[in-house]
Amino acid sequence: MNIHIRRAERQDCARLLELVQELATYERAPSEVSVTLEHFIESGFGEKPVWWALVAECDEKVVGFALYYIRYSTWKGQAMYLEDILVTNEMRGKGIGKLLFDQLIEEAKEKKFNRIIWQVLDWNEPAINFYKKYNAEIDPGWLNCSIYVTSTVSGSG
């Protein structure tokens, strides 16, 4: 098995959205994905990208990804916010998640981010156990908040 970690490219976007859908299904929210391929591509590879990603390839097929963006803290400065990390179900347990996460750490160091932050669902024991191997701090004291300001996500900007 030959695993290769590389930066995501525009032509990976359709496959990345397939994996996003797989993640949404795993997280018990399969109908929540509403981003269009056009918007996804523009957001990552347009004039002003807002996300970046690493992909894991096995035999030239993308079998995992880690997508992040820059988050700013008035207390701590710039951080890498890991929006999603996923390895396909059939490829889990082969060390691919570790390869992706280790490369994320290297990228964060290269970009001089002071930390990597993310969220994990409280019932996702496999993910929690994975993060604990990195001595991650899991903070139960914060609640997630959001409001929707538009009804749909479109590719118009």
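Arg-28 is found in the loop between H1 and H2; helices (H or I, at least four residues) and strands (E, at least two) are DSSP runs, numbered from the N terminus. The model is predicted: local features need pLDDT of at least 70, side-chain atom pairs count only at pLDDT 80 or more, and totals for chains, interfaces and linings use all residues. Residues are numbered from 1 along each chain as its sequence is written, and side-chain values use heavy atoms, with hydrogens and water left out.

- Most residues other than glycine have a negative phi.
- Arg-28 is not a glycine, yet its phi is positive, at about 65 degrees.
- Arg-28 is exposed, with a relative accessible area of 62%. Buried means under 20% relative accessible area, exposed over 50%, and partly exposed in between (1.4 Å probe, protein chains only).
- Lys-112 also has a positive phi, of about 60 degrees, although it is not a glycine.
- Lys-112 sits in the loop between H3 and strand S5 (116–118).
- Lys-112 is exposed too, at 71% relative accessible area.

**Charges over rings**

- Arg-28 lies over the face of Trp-123, at 3.8 Å from the ring centre. The rule asks that NZ of Lys or CZ of Arg is within 6 Å of the ring centre and within 35 degrees of the ring normal.
- Lys-111 lies over the face of Trp-52, at 5.7 Å from the ring centre.

**Aromatic pairs**

- The whole structure holds twelve aromatic pairs. Rings of Phe, Tyr and Trp (its six-membered ring) pair if their centres lie within 6.5 Å; planes under 30 degrees apart count as stacked, over 60 as edge-to-face and the rest as tilted.
- One of the pairs is Phe-101 with Tyr-134, which is tilted: 4.5 Å centre to centre, with 50 degrees between the planes.
- This pair links distant parts of the chain, 33 residues apart. Phe-101 is in helix H3 (residues 96–110), and Tyr-134 is in the segment after helix H4 (125–132).
- Phe-101 is buried, with a relative accessible area of 3%, whereas Tyr-134 is partly exposed at 24%.
- Phe-101, Trp-118, Phe-130, Tyr-131 and Tyr-134 form one aromatic cluster.

**Salt bridges within helices**

- The count comes to seven salt bridges. A salt bridge is a side-chain nitrogen of Lys or Arg within 4 Å of a carboxyl oxygen of Asp or Glu.
- An α-helix has 3.6 residues a turn, so residues three or four places apart point the same way.
- Glu-18 and Arg-15 are joined by a salt bridge (2.9 Å, N to O). They are three residues apart in helix H1, so about one helical turn separates them. Glu-18 is partly exposed, at 47% relative accessible area.
- Asp-102 and Lys-98 are joined by a salt bridge (2.6 Å, N to O). Both lie in helix H3, four residues apart, about one turn of the helix. Asp-102 is partly exposed at 25% relative accessibility, and Lys-98 is partly exposed at 45%.
- Lys-109 forms a salt bridge with Glu-106, and their closest N and O atoms are 3.8 Å apart. Lys-109 is exposed at 54% relative accessibility, whereas Glu-106 is partly exposed at 37%. Both lie in helix H3, three residues apart, about one turn of the helix.
- Salt bridges that share partners also join Arg-6, Asp-12 and Glu-57 into one network.

- Arg-6 is found in strand S1 (residues 3–7).
- Arg-6 counts as buried, at 15% relative accessibility.
- The side chains of Arg-6 and Asp-12 make a polar contact of 2.7 Å. A polar contact is a pair of N or O atoms within 3.5 Å; within protein, one must be able to donate a hydrogen and the other to accept it, and residues adjacent in sequence count only if both atoms are side-chain atoms.
- Not counting residues up to four places away in sequence, Arg-6 touches Asp-12, Ala-53, Leu-54, Val-55, Glu-57 and Val-62. Contact means heavy atoms within 4.5 Å.

**Packing around H1 and H2**

- Helix H2 (residues 37–45) has His-39, Phe-40, Ile-41, Ser-43 and Gly-44 as its buried residues.
- These buried residues pack against helix H1 (13–26) and strand S3 (61–73).
- Arg-15 is in helix H1. Leaving aside neighbours within four places in sequence, Arg-15 is in contact with Lys-61, Val-62, Val-63 and Thr-88.
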